[in-house]
Amino acid sequence: MKHIYLLPLLALVSACADSPADSLAKAEAAFAANDYSAAKIYLAAALGQEPNDSKMLLLHAKTLLALGDGEAAAGVLARLTKGQKPEPALARLMAEAELLRGRGQEVGAILTGLSDAEAERLRGLAAMQAKDLPAAATHFEAAAKAGGNGRAFADYARFRLLTGDVAGAQDMAAKAEKADPEGLDTLLVLAQIATQAGQYQQALAHYKTAEKLFPASLAALTGKAAILGELGQLDDMEAVIAQVSKRAPNDRDIIYLNARLAMARKQWTKVRDLVQNTKAEIPISDPLRLIYGEALLQLKQAELAISQVAPIAAQQPNNRAALSLLARSKFAAGDAQGALKTIQPVADSQQARPEELALAAKFAKASGDPAAASYLSRANQPAPRVLASDLAEGDAAIRKGNWAKAVVAYQRIIAATDGKNVLVLNNLAYALSMLGRHSEAIKYADLALKGAPDNASVLDTAGWVKFRSGNDLAESQRLLRLAAEKAPDNLTIRAHLAEALRAS
């Protein structure tokens, strides 16, 4: 892949040898192809020879905005306007630059007199930056009524998703897709909506398309990395993070992704070092804080873990993950009663999970509380509604291709039962195989096969996971033949058998 990093250098050498007109033509072609990094290089060469050319400066400003550099774009736009009231096209660009600079309060004055869809979109973003959600809704609605554009519809969809209006978000995203199906904002919001719905494969497809069409987009790459993490594809996630870290090593989203990856691999010292090296206060709502707290607890720094997690639990009293982590941290610090008090609201609910009840029993026993026996009994005999919820969650995840979520749900059922449910074992094996965890997949497929040796679906899964592992082609073909004999009309089984036979 080294040739990729040579491209900017080659572009620079080429640009230096061109006339200003040639460099501008190449910059325009690169911009049209969404290759903003190359466009920036060609424009730098052209402007080096003709620094006051207005056409070059305008394209330079647009390129910098596309790269997310509001500071530099504002400087270029100032050269274009020369202190005069900007024409509408420049005013919109100036407003976008101010938003990127975190100066949304300047947008209203810049856009005075403009009421088109793009101006209303920018006002909506400024209102969001000021956390004035009613005003943001008004401006986005005005943008939509003005005819909208791909970016306006996409931003309105993102706003509706933020406020919990999933149906409204889907409606606006559909309009964005119709207006600009290959727009970056369209693709990103479609991926965001799919992610929230647990449709990770669909989200990944949108991010991959965005990456292909907009190679300079950090949002496309970070989104792709996050989804790969959700799917349990840690090696692929690491490769994407390495790619994007070279471009923005101090970006908070990239630090979070690196920390998530390290957490998944239980590299607790690395998690701690990543967060500490940010040298910035972590907002209470930032998910990075929970990851950091877990790392501190695992590194036997319980008091520090408490200081990180307690503010989250206070601000979000229904955050079960935060309450559990805070309780475990208090117990590790020697405060069993405090740990029990923290976990009790979770453990006393009807939706308490076996692992939460087990924690409550442990803390109650250590503090001499008679409720320990009750918690332990409930932990050993999980409520049917909890198991039903896990089963429904796993089955829904299987249908959506969210293999990592399915694995978590089915593993919880196995941990809370005798682990002999054939359906659960079968589906867990399939999900593990789709995540590339082949040895585990074979283990559970064999257990399912032991429980139902004549079931066509179980035979199919056992044969298919062995085929995907690449270790036992003959056995996979045998099992798939048996599955096809028992269910000759099943198209999926026939397809699996055909693929296995082609392999030999």
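The model is predicted. The protein has 30 helices and 0 strands. Its C-alpha trace spans about 75 × 65 × 45 Å along the principal axes. Of the 504 residues, 45% are buried. The protein exposes about 24,700 Å², and carbon and sulfur atoms supply 54% of that area. Among contacts with a separation of 6 or more, 49% join residues 24 or more positions apart.

Two packed helices are described by the angle between their axes and the distance between the axes. The table lists two pairs.

| Helix pair | Axis distance | Angle | Handedness |
|---|---|---|---|
| H16 (residues 252-264) and H18 (residues 288-298) | within 10 Å | roughly 35° | left-handed |
| H26 (residues 422-434) and H28 (residues 456-469) | 10 Å | about 25° | left-handed |

In the pair of H16 and H18, the H16 side of the contact consists of Arg252, Ile255, Tyr256, Ala259, Arg260 and Met263, which meet Leu288, Ile291 and Glu294 in H18. These residues divide into 6 nonpolar, no polar and 3 charged.

The axes of H26 and H28 form an angle of about 25°. Angles under 35 degrees count as roughly parallel, and H26 and H28 are therefore roughly parallel to each other. From H26, the residues Val422, Asn426, Ala429, Tyr430, Ser433 and Met434 meet Ser457, Val458, Thr461, Trp464, Val465 and Arg468 in H28. By class, the contact of H26 with H28 holds 7 nonpolar, 4 polar and 1 charged residue.

Definitions and conventions:
Residues numbered from 1 in each chain as written. Predicted model: local features only at pLDDT ≥ 70, side-chain atom pairs only at ≥ 80, totals over all residues. Heavy atoms only, no water. Axes fitted to C-alpha atoms, helices over the stretch in contact; angles between N-to-C directions. Helix = DSSP H or I, 4+ residues; strand = E, 2+ residues; numbered from the N terminus. Left-handed = near helix turned anticlockwise from the far one by under 90°. Contact = heavy atoms within 4.5 Å. Nonpolar A, V, L, I, M, F, W, Y, C, P; charged D, E, K, R; others polar. Buried < 20%, exposed > 50% of the residue type's maximum accessible area, 1.4 Å probe, protein only. Areas by Shrake-Rupley, 256 points an atom, 1.4 Å probe, with all protein chains shown as cover. Parallel < 35°, antiparallel > 145°, perpendicular 65-115°, else oblique.
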